[in-house]
Amino acid sequence: MSDLVVDGLVAGYGDVRVLHGVSFTVRQGEVCAILGPNGAGKTTLLRALSGMVRTRGTATLGGTELAGRSPDTVARLGVAHVPEGRGTFMPLTVEDNLRLGAFVRRGRAEVEADLERIFTYFPVLKTRLKQEAGSLSGGEQQMLALGRALMLRPRLLLLDEPSLGLAPLVTRELFRIVQAINAEEQTTVVVVEQNAHLALGIAQQAHVLETGRIVLSGTAEDIRADEQVAQSYLGYRV
Amino acid sequence: MTESTKTDEKTSAPPAPVRTSAVARWRWGALAVLLVLAVYAPFQLAPFYVFQLTMVLVYAVALLGLNLLVGHAGQISLGHGAFFAIGAYTAAILMEREALPYPLTLPVAAAVAFLIGLGLGVPAMRLRGLYLALVTLAIAIFLVPLLKRFEELTGGSMGLTLAKPQPPAWTGLAEDQWLYFIALIVAVGAFLLVASLLRSRVGRALHAVRDNEIAAEVMGVRLSFYKTLAFAWSAMLAGVAGSVYTWVIGFVSPDSFTVNLSINLLAGIVVGGLGSLSGPVLGGLFVMFVPSISQDINDAAPGVIFGLLIIAVMYVAPTGLAGLAGRLIKKIPRKKE
Ligand SMILES: Nc1ncnc2c1ncn2[C@@H]1O[C@H](COP(=O)(O)OP(=O)(O)OP(=O)(O)O)[C@@H](O)[C@H]1O
Ligand SMILES: [Mg+2]
């Protein structure tokens, strides 16, 4: 089984420690939502998983250690990270962006086939292939970022605030697609989201992070049902 | 950064695929015409002008390398002239001391410059921005005194004088024409090499590093590896250009490769157009002619005129001359419709 097992993960920037021992498990094929206020360390958690910040503790995917590896090694191990702010290569074409998603993969024919498969999720990208990615709308760029991540054929997909800056309708569409991908490809997903309602809608498990610690864990339904949690941590009323 | 946020907010989708391919066809057409002109020119021009065009080609090869590093991989180098000098001296020393036939000096010069570029690139490419600029500048500054020191090998400040390659009798070409065609073949070869490199997976990796390091990293692109490789390749192309320079000039001395050369080259590629395929050629024209034009305009302060000319070009064409040409070309099909 390719479960993600995070145990006692500590991470930070320079001398500043941001994560103070985070532990949780995501079973293969499940969606896990990470919620929490601004500055809680959600982005840092995803960065720690994909090797972009220095860490202590362990994080294994199917028994293979991710923590302490370089980002390109983590990518080779099948972890795709859609970074905060999407990370679009603005001057490059949509096609080049997508192909960069498959950078660590060999096997041309498979990559071509996956490109077609991604157009079934995001038909709009097919009509924009030769266009500069920077000229796409925000929603289209988010779809591009997701499509590009899928080009890795990830075992684990890390999504950092996919709803950022998007209209509600587009956001809902995006989450529907993430759910479809999760269902069809059996991809494990860790999604960081401000829009708790949507994230909990597609997740099985959820964790609330506050100042670098998990202060609450449970099934998505439990978390959603918890009126007090909703108010104090998520800042909205159910 | 400001650039990306600007485009971020743009929601319209202007360039339809049809027009892009029209522009591409236009570009290949222009290239073919240019090539025909390039073959025709040396039979029509006086030897001195042929020599000048030859030097434009030599600089264009060096700028192809600098463009790879600065325009495509997004790094900076103020020491490109040093690798040009390494190529030039490698060729000169091999011809003078080892009596190696001149065509063989090119691959050796390329290899030497590549390896030195690799050696210096490993530490240098850990730095960014201003720090990288300073370290590469230091390379350019230290080179000249270093060349003067190893006098037995390099001829010290006197330099080395060599016999220029002579055209084989069957060609019926004059010396200046022969050298011109050598430079043209090397330039076309280098151009094709770089163009195919950029279309490959490696080219995409370089662009990814340039455009968004964080995203490139999570795609699995090893930043330090590709930056160092770009640095070594750019050094290699400078070395190739340097060896042809030695054949064409028949003389090398430390004073030909001062910091000024590095700065002229960087100015040349920025003015020519970073990241564009025609940038190195336009930049080659710039490096060849603008310093001497500045001299003509005002003998007392060529530096001032040179600087003003750069400012003027950047004001009119912020994306370089290639960008300006591109914008003009794009306008043409639209007007006809
Ligand atoms: N590159 C960095 N260098 C130093 N400190 C950083 C860096 N990035 C983040 N931090 C700090 O780490 C803490 C957690 O930041 P992080 O980006 O992980 O929060 P977040 O939960 O993703 O917040 P948000 O919801 O606003 O995106 C913050 O206090 C932030 O100031
Ligand atoms: Mg964040």
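A salt bridge is a side-chain nitrogen of Lys or Arg within 4 Å of a carboxyl oxygen of Asp or Glu. Between chain A and chain B of this predicted model, the count is one salt bridge. Over all chains, the structure holds 17 salt bridges.

**The interface of chain A and chain B**

- Chain A and chain B bury about 2,500 Å² between them, and 63% of this area is on carbon and sulfur atoms.
- On the side of chain A, the residues that lose the most area to chain B are A:Phe89, A:Leu100 and A:Phe103, which together make up 24% of what that side buries.
- Chain A brings 29 residues to the contact and chain B brings 27 residues.
- The salt bridge between the chains joins the side chains of A:Asp96 and B:Arg204, with 3.5 Å from N to O.
- Three helices of chain A, namely H2 (71–76), H3 (94–101) and H6 (138–150), each supply at least two residues of the side that touches chain B.
- Two residue pairs are in polar contact across the interface, both at pLDDT 80 or more.

**Helix H9 of chain B**

- Helix H9 of chain B covers residues 201–211, and eight of its eleven residues are buried, so the helix is largely enclosed by the rest of the structure.
- The buried residues of H9(B) include B:Arg204, whose side chain meets that of A:Asp96 in a salt bridge.
- Also buried in H9(B) are B:Val202, B:Gly203, B:Ala205, B:Leu206, B:His207, B:Ala208 and B:Val209.
- These buried residues pack against H3 of chain A and, within chain B, against helix H3 (47–72), helix H8 (175–199), helix H10 (213–218) and helix H11 (223–249).
- At the start of H9(B), the backbone nitrogen of B:Val202 has a side-chain oxygen of B:Ser200 within 3.2 Å.

**Salt bridges within chain A**

- A:Arg153 and A:Asp114 meet through their side chains in a salt bridge, at 2.9 Å from N to O.
- A:Arg153 lies in the loop between H6 and strand E7 (156–160) of chain A, while A:Asp114 lies in helix H4 (residues 108–121), so the pair ties together parts that are 39 residues apart in sequence.
- A:Asp114 is buried, because its relative accessible area is 1%, whereas A:Arg153 is partly exposed at 45%.
- A:Asp114 and A:Arg153 belong to a network of salt bridges that also links A:Arg105, A:Glu110, A:Arg117 and A:Glu185.
- Another salt bridge pairs A:Arg27 with A:Glu30, whose closest N and O atoms are 3.6 Å apart.
- A:Glu30 counts as buried because its relative accessibility is 15%, and buried means under 20%.

**A salt bridge within chain B**

- B:Arg128 forms a salt bridge with B:Glu213, and their closest N and O atoms are 2.9 Å apart.
- B:Arg128 sits in the loop between helix H5 (102–124) and H6 of chain B and B:Glu213 in helix H10, so this pair ties together parts that are 85 residues apart in sequence.
- B:Arg128 counts as exposed, with 51% relative accessibility.

**A nonpolar patch on chain B**

- Four residues, B:Leu127, B:Leu130, B:Tyr131 and B:Val135, form a nonpolar patch on the surface, and together they have about 410 Å² of accessible area.
- The relative accessible area of B:Tyr131 is 60%, so B:Tyr131 is exposed.

Note on methods: Residues are numbered from 1 along each chain as its sequence is written. Chains are lettered from A and ligands numbered from 1 in the order in which they are written. This is a predicted model: local features need pLDDT of at least 70, side-chain atom pairs count only at pLDDT 80 or more; totals for chains, interfaces and linings use all residues. Side-chain values use heavy atoms; hydrogens and water are left out. Patches are made of residues with over 30% relative accessible area and no salt bridge: like charges are joined within 9 Å, nonpolar side chains (Val, Leu, Ile, Met, Phe, Trp, Tyr) within 5 Å. Accessible areas come from the Shrake-Rupley method with a 1.4 Å probe; for residues, only the protein chains shown count as cover. Buried means under 20% relative accessible area, exposed over 50%, partly exposed in between (1.4 Å probe, protein chains only). Contact means heavy atoms within 4.5 Å. Buried area is the accessible area (1.4 Å probe) that two parts lose on being put together, summed over both. A polar contact is a pair of N or O atoms within 3.5 Å; within protein, one must be able to donate a hydrogen and the other to accept it, and residues adjacent in sequence count only if both atoms are side-chain atoms. Helices (H or I, at least four residues) and strands (E, at least two) are DSSP runs, numbered from the N terminus.
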